[in-house]
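Work through the exercises below with the structure in view. Try each task before reading its solution.

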Amino acid sequence: MPLITSPSASPAPTPRAPVRWVLALSTQVLRTERLLLTALMSLLVVLILLNVATRYSGMPIYWIDEAAVYTVVWLTFVGASVMTRLRMDFAVSLLTDQFGPRSAKVAKVIATSGVLLFGLAMLVMCWVWMDPVGIARYGFDAKEFAAESFNFLYTERTQTLNWPTWVLQLILPIFSATFSVHALANLLEDLGAADRVKHAGFDVVNADAVN
């Protein structure tokens with residue numbers, strides 16, 4: 001009696017080179033963000049413990065509070081970028097749950113496209129706001145640039161750390177870039193140009209349960 005075997009599932013087609021490049025870039029960015037998250041969380045814990053210890057000893061260090069605030073700001077933006085790629089962003093599925101598979105896919109593509117457009121719009125906003133071409137035109141003279149453009153970004157300093165504020169605010173263009181890369185990778189997956197990637201190091205995350 002001949003042995004009857006079920007046909008094996010055909011392997012998924014290999015994505016085209018541009019798609020592979022975007023997914024590889026997104027994966028590499030995600031790995032870097034994972035390390036950065038670990039470093040920022042460790043720094044935040046150290047700052048808080050140091051703040052408690054110095055205040056308890058009666059010798060508080062005045063700049064620790066500001067350093068902790070900026071650490072939380074960076075932590076928030078980096079975490080938001082990671083959550084975007086892991087599809088852990090918030091979603092209201094009350095309407096799409098009533099759709100069929102095809103309509104739900106179209107709705108997901110539209111939503112992901114909106115996320116990508118938001119990231120690109122933030123990139124443009126950061127370019128206009130920081131105006132790297134403008135300050136280069138003035139030989140990176142912050143005072144001369146501020147006098148002509150009324151953009152005082154490069155002349156301002158933090159209150160206690162006395163750091164240039166533009167250095168700390170670099171998280172905005174960085175977030176815009178990484179956010180856009182992740183959104184583009186998600187969009188390619190939603191369009192069916194590539195299978196959804198499983199990210200090593202985030203095995204405990206059940207993204208499908210959220211979005």
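The exercises that follow concern a predicted model.

**Exercise 1. Work out which parts of the chain are linked by the salt bridge of arginine 87 and glutamate 189, and whether each partner is buried or exposed.**

Solution. 
- Step 1: Find the contact. The side chains of arginine 87 and glutamate 189 meet at 3.2 Å, N to O.
- Step 2: Locate both ends. Arginine 87 is in the loop between α2 and α3 (101-130), while glutamate 189 is in helix α7 (residues 171-190). The two are 102 residues apart, and the pair links distant parts of the chain.
- Step 3: Apply the cut-off. Buried means under 20% relative accessible area. Arginine 87 stands at 5%, so it is buried. Glutamate 189 stands at 9%, so it is buried as well.

**Exercise 2. Take the salt bridge between aspartate 190 and arginine 87, and find which residues belong to its network.**

Solution. 
- Step 1: Read the distance. These two side chains meet at 3.1 Å, N to O.
- Step 2: Aspartate 190 belongs to helix α7 and arginine 87 to the loop between α2 and α3, so the bridge ties together parts 103 residues apart in sequence.
- Step 3: Check burial. Both aspartate 190 and arginine 87 are buried.
- Step 4: Follow the shared partners. Salt bridges join Arg85, Arg87, Glu189 and Asp190 into one network.

**Exercise 3. Identify the residues of the nonpolar surface patch and the helix that gives the most to it.**

Solution. 
- Step 1: List the members. Val124, Trp127, Val128 and Val133 make a patch of about 420 Å².
- Step 2: Find the main contributor. Helix α3 gives the most, with three residues.
- Step 3: Valine 128 is in helix α3. Its relative accessibility is 60%, so valine 128 counts as exposed.

**Exercise 4. Describe the surroundings of tyrosine 138.**

Solution. 
- Step 1: Tyrosine 138 lies in the loop between α4 (132-137) and α5 (142-149).
- Step 2: At 30% relative accessibility, tyrosine 138 is partly exposed.
- Step 3: List contacts. Setting aside neighbours within four places in sequence, tyrosine 138 touches Glu144, Phe145 and Glu148.
- Step 4: The C-alpha atoms of tyrosine 138 and glutamate 148 are 9.6 Å apart.

**Exercise 5. Find how many aromatic pairs there are, and classify the pair of phenylalanine 175 and phenylalanine 179.**

Solution. 
- Step 1: Count. There are six aromatic pairs.
- Step 2: Classify. Phenylalanine 175 and phenylalanine 179 are 5.1 Å centre to centre, with 35 degrees between the planes, a tilted pair.
- Step 3: Check burial. Phenylalanine 175 is buried at 7%, and phenylalanine 179 is buried at 8%.
- Step 4: Widen the view. Ring pairs link Phe77, Phe118, Phe175 and Phe179 into a cluster.

Key: Residues numbered from 1 in each chain as written. Predicted model: local features only at pLDDT ≥ 70, side-chain atom pairs only at ≥ 80, totals over all residues. Heavy atoms only, no water. Salt bridge = Lys/Arg side-chain N within 4 Å of Asp/Glu carboxyl O. Helix = DSSP H or I, 4+ residues; strand = E, 2+ residues; numbered from the N terminus. Buried < 20%, exposed > 50% of the residue type's maximum accessible area, 1.4 Å probe, protein only. Patch = residues over 30% accessible without salt bridge, like charges linked within 9 Å, V, L, I, M, F, W, Y side chains within 5 Å. Areas by Shrake-Rupley, 256 points an atom, 1.4 Å probe, with all protein chains shown as cover. Contact = heavy atoms within 4.5 Å. Phe/Tyr/Trp six-rings, centres within 6.5 Å; stacked < 30°, edge-to-face > 60°.
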